Amino acid sequence: MPAVQDTVERVKEIDVDQYKYGFVTEIESVTAPKGLNEDIVRFISAKKDEPQWLLDWRLEAFKRWLTMQEPEWANVHYPKIDFQDLYYYSAPKSTEGPKSLDEVDPELLETYKKLGIPLREQEVLAGVQGAPKVAVDAVFDSVSVVTTFKEELAKAGVIFCSISEAVKNHPELVKKYLGSVVPSTDNFYATLNSAVFSDGSFVYVPEGVHCPMELSTYFRINAEQTGQFERTLIIADKGAYVSYLEGCTAPMRDENQLHAAVVELVALEDAEIKYSTVQNWYPGDKNGKGGIFNFVTKRGDCRGDRSKISWTQVETGSAITWKYPSCILRGDGSRGEFYSIAISNGYQQIDSGTKMIHLGKNTSSRIISKGIAAGHSNNTYRGLVSAHRRAANARNFTVCDSLLIGDKCGAHTVPYIEAKNASATFEHEATTSKISDDQLFYCLSRGLSEEEAVALIVNGFVRDVLQHLPMEFMAETQKLISISLEGSVG
Amino acid sequence: MLEIRNLHANVDGREILKGLDLTLPTGEVHAIMGPNGSGKSTLAYVLAGKDDYEVTEGSVTWNGVDLLALDPTGRAVAGVFLAFQYPMEIPGVATMTFLRSSVNAVRKARGQEELSTPDFLRVLKEKAKDLNIDVEMLRRPLNVGFSGGEKKRNEILQMTLLEPSLCVLDETDSGLDIDALRVVADGVNALRSPERSMLVITHYQRLLDYIVPDRVHVLSDGRVARSGGPELAMELEKSGYAEFGGEATAA
């Protein structure tokens with residue numbers, strides 16, 4: 001298994017303190033002053049040359065946010081965040097998008113190289129002849145600077161651009177759908193995001209169009225102490241299909257960095273959206289210092305009949321993860337899926353899961369969650385499955401498996417099940433296991449190192465979920481899993 | 001040459017091996033027999049380096065290398081292979097993937113070039129065929145849902161692939177019907193060579209009809225109580241282990 005071999009070499013190169021992607025790119029940033037008030041919201045909006053309606057929307061969210069409290073129900077513990085001690089806007093110096101890759105800041109390209117922006121994407125970025133068709137909308141500290149394949153997508157009628165561009169060029173779509181899945185009043189962090197969101201991706205796939213390529217966004221948090229407030233909006237019109245990949249890394253930092261993104265998906269009749277995430281942000285050092293706070297609101301709305309939304313996530317990074325990609329199964333016969341691998345090591349805390357809200361008739365959902373806890377970490381699965389009283393024949397199947405490595409970590413499962421319609425069928429299976437010493441010894445006696453053995457066993461444990469990742473992500477993810485578990489044994 | 005001198009080992013604080021001496025010259029096959037509880041499996045695990053088996057005294061050298069100083073991985077690299085009595089199941093990991101990881105880990109550590117996927121598959125298919133192993137079985141998760149015979153054949157397949165110089169077979173015959181036993185024995189015999197030593201641990205003489213040993217050692221209470229030629233196994237077949245502290249019934 002080359003992935004494992006490779007991993008071991010990589011693992012040898014880094015010790016716990018040397019986060020693989022812990023470097024800082026020096027690109028001149030335009031930064032708003034620290035702190036948050038109405039003027040900052042206006043500053044951000046003005047910087048982006050936004051129309052009045054959007055500024056009003058932001059300001060309303062901001063006013064609302066002032067009255068809200070941080071949620072405290074999650075099984076995570078961290079010092080209180082001083083929201084006045086953060087920057088809310090930072091953009092690379094050049095605001096005009098480059099016309100070709102030659103015009104892209106070489107430092108930025110170097111960053112991608114270091115990130116190992118992998119495989120095909122790097123070829124795409126490098127403009128290699130015959131490179132596979134993966135469109136990359138790279139968000140570098142809040143503003144999109146590289147967008148490729150836009151033209152080819154345009155031929156198919158697919159709109160794939162930054163939210164800022166969409167606001168300018170497709171205001172009617174943005175106005176119609178922004179906040180329609182995650183309202184600006186939804187929760188503390190979503191509301192904060194609504195007030196100060198910097199940039200993110202926008203996708204619109206028109207009626208009947210099968211998006212001709214996987215759409216992919218890489219972004220990383222770069223400027224120091226800058227909270228990153230991504231806003232992503234994906235709409236699949238009737239009968240459309242789109243697969244979207246999101247992967248991210250971040251540089252090493254002592255200060256905790258806040259990340260509060262919002263992702264909204266809308267699937268109309270017979271449409272399908274597949275959204276895959278590989279999250280590998282800085283988890284903090286071996287003592288649990290530093291690391292990203294990841295408080296994300298991701299929600300998909302199966303608005304049309306027979307529509308389908310599928311979330312696949314691989315969560316390995318961040319000091320704290322608070323994330324519940326959810327599906328509102330509004331259309332009759334709609335389907336929601338959630339496949340998750342959540343790995344915590346060191347002092348990481350993960351409270352993640354999903355919500356499957358069955359509103360329409362004959363709706364179905366499927367949840368497969370694999371949590372792996374190592375080191376001193378805490379890993380909580382929190383999931384809600386609910387059936388509205390008119391959701392006749394709602395079906396859900398949940399599998400929730402936890403694997404413990406060592407004896408100082410914790411795995412928790414908190415399922416919420418609410419069925420208000422008697423015809424609903426909800427199944428929930430949960431297991432908790434440990435890697436047994438006998439399994440380890442068996443592998444060791446076959447010449448594998450402990451690191452390799454654990455990686456192999458864990459990759460086996462998460463296999464059901466790995467299979468749902470797009471091909472180009474699978475190999476990468478196996479490596480990532482191995483790297484994440486570095487130092488978890490012995 | 002394997003040299004075991006005055007080996008004492010504890011399991012859970014209880015002494016199981018109590019001064020075991022054994023010499024296994026290169027190229028020979030020795031059988032270890034003995035009643036239940038005499039320390040046969042303990043010897044196997046101690047040789048492979050299992051954690052809970054604490055060596056309190058004595059030495060084990062393999063071609064001059066101090067095996068006890070090596071971790072289990074290091075011993076595998078040094079050429080030690082243990083065919084388990086109860087092979088472990090690893091859900092979700094395809095047998096093929098496991099085999100390739102293992103083979104390449106060992107090759108790399110031995111300074112050999114790793115096998116490419118096509119090369120590995122070629123070797124694997126060839127060896128699997130000799131052991132009557134269906135390629136379909138190799139796609140299934142490691143040992144999960146395998147029959148007793150499949151598990152044991154899989155062990156011998158691993159032994160073949162890893163090219164060890166010291167093979168320790170821990171009751172490889174247990175749970176096998178006569179056909180499976182023959183296949184496994186053929187596989188083992190095919191590996192006999194002047195460069196390779198084997199320690200065949202078994203409770204029953206039956207296996208030794210197929211794998212004829214150069215020497216037979218009978219363990220009793222953690223020591224070698226008697227050694228002899230293959231005829232010793234035949235004798236035990238008739239008399240049982242009564243004189244070695246086991247039950248009087250014939251094996």
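User: In this predicted model, does Glu171(B) count as buried or exposed, and how many C-beta neighbours does Glu171(B) have inside 10 Å?
Analyst: The cut-off for buried is 20 or more other C-beta atoms within 10 Å. Glu171(B) sits in the loop between β9 (166-170) and α7 (178-191) of chain B. Glu171(B) counts as buried because its C-beta neighbours inside 10 Å number 22.

User: What is phi of Glu171(B)?
Analyst: Glu171(B) is a residue other than glycine.

User: Which residue in the turn of the β11(B)-β12(B) hairpin has a positive phi?
Analyst: β11(B) and β12(B) form a hairpin with two residues between them.

User: In what sense do β11(B) and β12(B) pair, and which residue is the bridge partner of Leu219(B)?
Analyst: The two strands pair over five bridges, in the antiparallel sense. The partner of Leu219(B) lies in β12(B). That partner is Val224(B).

User: Which residue in β11(B) stands opposite Ala31(B)?
Analyst: Strand β3 (residues 29-33) of chain B pairs with strand β11 (residues 215-220) of chain B. This pairing is parallel and has four bridges. Opposite Ala31(B) stands Val216(B).

User: Which strands are the edge strands of the open sheet of six strands in chain B?
Analyst: The order is β6-β9-β10-β3-β11-β12 (chain B), and the pairing is mixed. Neighbouring strands are turned by 20 degrees against each other on average, direction ignored. An edge strand here pairs on one side only. The edge strands are β6 (80-83) and β12 (223-228) of chain B.

User: At what angle does helix α9 of chain B run to β11(B)?
Analyst: Helix α9 covers residues 231-239 of chain B. It lies across β3, β11 and β12 of chain B. Its angle to β11(B) is about 45 degrees.

User: What is the relative direction of α2(A) and α3(A)?
Analyst: Helix α2 (residues 38-47) and helix α3 (residues 52-66) of chain A pack with axes 10 Å apart. Their angle is about 155 degrees. Angles over 145 count as roughly antiparallel. Therefore α2(A) and α3(A) are roughly antiparallel.

User: Which residues of α3(A) make the contact with α2(A), and what is the handedness of the crossing?
Analyst: From α2(A) come Glu38(A), Val41(A), Arg42(A) and Ser45(A). From α3(A) come Leu54(A), Leu55(A), Arg58(A), Leu59(A) and Phe62(A). The residues of this contact divide into five nonpolar, one polar and three charged. The crossing is right-handed.

User: Which element gives the most to the side of chain B that touches chain A?
Analyst: In total, 26 residues of chain B are in contact with 21 residues of chain A. Elements giving two or more residues to this side of chain B are α2 (72-78), β7 (90-94), α3 (95-109) and α6 (148-162) of chain B. This side divides into 16 nonpolar, seven polar and three charged residues. The element that gives the most, with nine residues, is α3(B).

Terms used:
Residues are numbered from 1 along each chain as its sequence is written. Chains are lettered from A and ligands numbered from 1 in the order in which they are written. This is a predicted model: local features need pLDDT of at least 70, side-chain atom pairs count only at pLDDT 80 or more; totals for chains, interfaces and linings use all residues. Axes are lines fitted to C-alpha atoms, for helices over the stretch in contact, and angles run from 0 to 180 degrees between N-to-C directions. Angles under 35 degrees count as roughly parallel, over 145 as roughly antiparallel, 65 to 115 as roughly perpendicular and the rest as oblique. A crossing is left-handed if the near helix is turned anticlockwise from the far one by less than a right angle, and right-handed if clockwise. Two residues are in contact if their C-beta atoms, placed from the backbone, lie within 7 Å. Ala, Val, Leu, Ile, Met, Phe, Trp, Tyr, Cys and Pro count as nonpolar, Asp, Glu, Lys and Arg as charged, and the others, Gly among them, as polar. Two strands pair if DSSP finds at least two bridges between them. A residue is buried if 20 or more other C-beta atoms lie within 10 Å of its own, exposed if 12 or fewer, and partly exposed in between; C-beta atoms are placed from the backbone.
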